[in-house]
Amino acid sequence: MQKLDFISISEGDSEKAVVFIHGWKGNKNSFTSLPSMLKLDSTTWYFPEAPYILEDNNKFKSWAYEKEDGIFETEKSKLLLNDFLLKNVLNKFSPENVFFIGFSQGATVCYEFILNLKYSWGGIFPVAGFFRDWNKGITLHPVQKKTMIFIGHGIADRIINVSESENIYKYLSKRKYNCKLMKYNGGHKISIDYLREVKKYILNKYEQKL
């Protein structure tokens, strides 16, 4: 069975994990500077790489493959991500000690897959993402009612309009999910201010345990 390639970076004796899910045309090296930027002690960071190769260039990867116009194949990514989590993350950390940051297409992976798993995660941080099929609606596993979903999006994003995150936030809030939305200046990127709030949330969660 194929396995996802990934990079892991540990900060001291780890008590928690952060899984970063890259966007379209990203790879396992995308955003590996985050651990040194956020400086989260006692944390192992994981950077899995999507399985689909784009444009005959092994550097560019995708979590979805367009089989035909508007129809995407995602089952391979879901199967391999599940295997990756079970064998590399959940064998070391409890789900409540695992956090996800998903950027762009990676945020969509959070909405469409990670939040459909049966684990109550420590927190989900989707940035500049979208939901693929509104006709089916967003269906999350019932246990995710307890999971913090902190959405970020740049108000000047010309690749994925901020309205995508606004609509997802309204949808989830109406159904009483634990979510909030932070809009920030800038385009299709992850804001430093947003990352500071992510760090604050993770640290506060651990202070409450003490």
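Strands E10 and E11 (residues 179–184) pair in the parallel sense over 6 bridges. Here helices (H or I, at least four residues) and strands (E, at least two) are DSSP runs, numbered from the N terminus, and two strands pair if DSSP finds at least two bridges between them. The model is predicted, and local features need pLDDT of at least 70, side-chain atom pairs count only at pLDDT 80 or more, and totals for chains, interfaces and linings use all residues. Residues are numbered from 1 along each chain as its sequence is written, and side-chain values use heavy atoms, with hydrogens and water left out.

E10, helix H4 (residues 162–174) and E11 together form a right-handed β-α-β unit. A crossover is called right-handed if, with the strands pointing away from the viewer, the path from the first strand over the helix to the second runs clockwise.

Strand E10 (residues 149–154) is mostly covered, with 6 of its 6 residues buried. The term buried means under 20% relative accessible area, exposed means over 50%, and partly exposed lies in between (1.4 Å probe, protein chains only). Ile149, Ile151 and His153 point one way from E10, while Phe150, Gly152 and Gly154 point the other way, and all are buried.

For the chain as a whole, the secondary structure comes to 5 helices and 11 strands. A compact globule of 210 residues would have a radius of gyration near 17 Å, and the value of 16 Å for the chain agrees with this. The radius is taken over C-alpha atoms, and the globule rule is 2.2 Å times the number of residues to the power 0.38. Along the principal axes, the C-alpha atoms fill a box of roughly 50 × 40 × 35 Å. Of the 210 residues, 50% count as buried. The chain exposes about 10500 Å², of which carbon and sulfur atoms supply 49%; accessible areas come from the Shrake-Rupley method with a 1.4 Å probe, and for residues only the protein chains shown count as cover. Among contacts (heavy atoms within 4.5 Å) between residues at least 6 apart in sequence, 73% join residues at least 24 apart.

Helix H3 (residues 105–112) is largely enclosed by the rest of the structure, because 8 of its 8 residues are buried. These residues are Gln105, Gly106, Ala107, Thr108, Val109, Cys110, Tyr111 and Glu112. Serine 104 lies in the loop between strand E8 (98–103) and H3. Serine 104 counts as buried at 9% relative accessibility, and its phi is near 60°, a positive value in a residue other than glycine. Lysine 176, in the loop between H4 and E11, also has a positive phi, near 70°. Lysine 176 is exposed, with a relative accessible area of 66%.

Histidine 22 is found in the loop between strand E2 (16–21) and helix H1 (34–38). With a relative accessible area of 1%, histidine 22 is buried. Its side chain reaches the backbone nitrogen of alanine 50 at 3.0 Å. Such a polar contact is a pair of N or O atoms within 3.5 Å; within protein, one must be able to donate a hydrogen and the other to accept it, and residues adjacent in sequence count only if both atoms are side-chain atoms. Leaving aside neighbours within four places in sequence, the residues in contact with histidine 22 include Pro48, Glu49, Ala50, Trp63, Phe103, Gln105 and Gly106.

Serine 62, in strand E5 (residues 57–62), is buried with a relative accessible area of 1%. A polar atom of the serine 62 side chain lies 2.6 Å from the backbone oxygen of alanine 64. Not counting residues up to four places away in sequence, serine 62 touches Trp24, Ala50, Pro51, Tyr52, Leu54 and Gln105.

Tyrosine 65 has its place in strand E6 (residues 65–68) and is partly exposed, with a relative accessible area of 47%. Beyond neighbours within four places in sequence, tyrosine 65 is in contact with Tyr52, Ile71, Phe72 and Glu73. Tyrosine 65 and isoleucine 155 are 90 residues apart in sequence and 28 Å apart in space, C-alpha to C-alpha.
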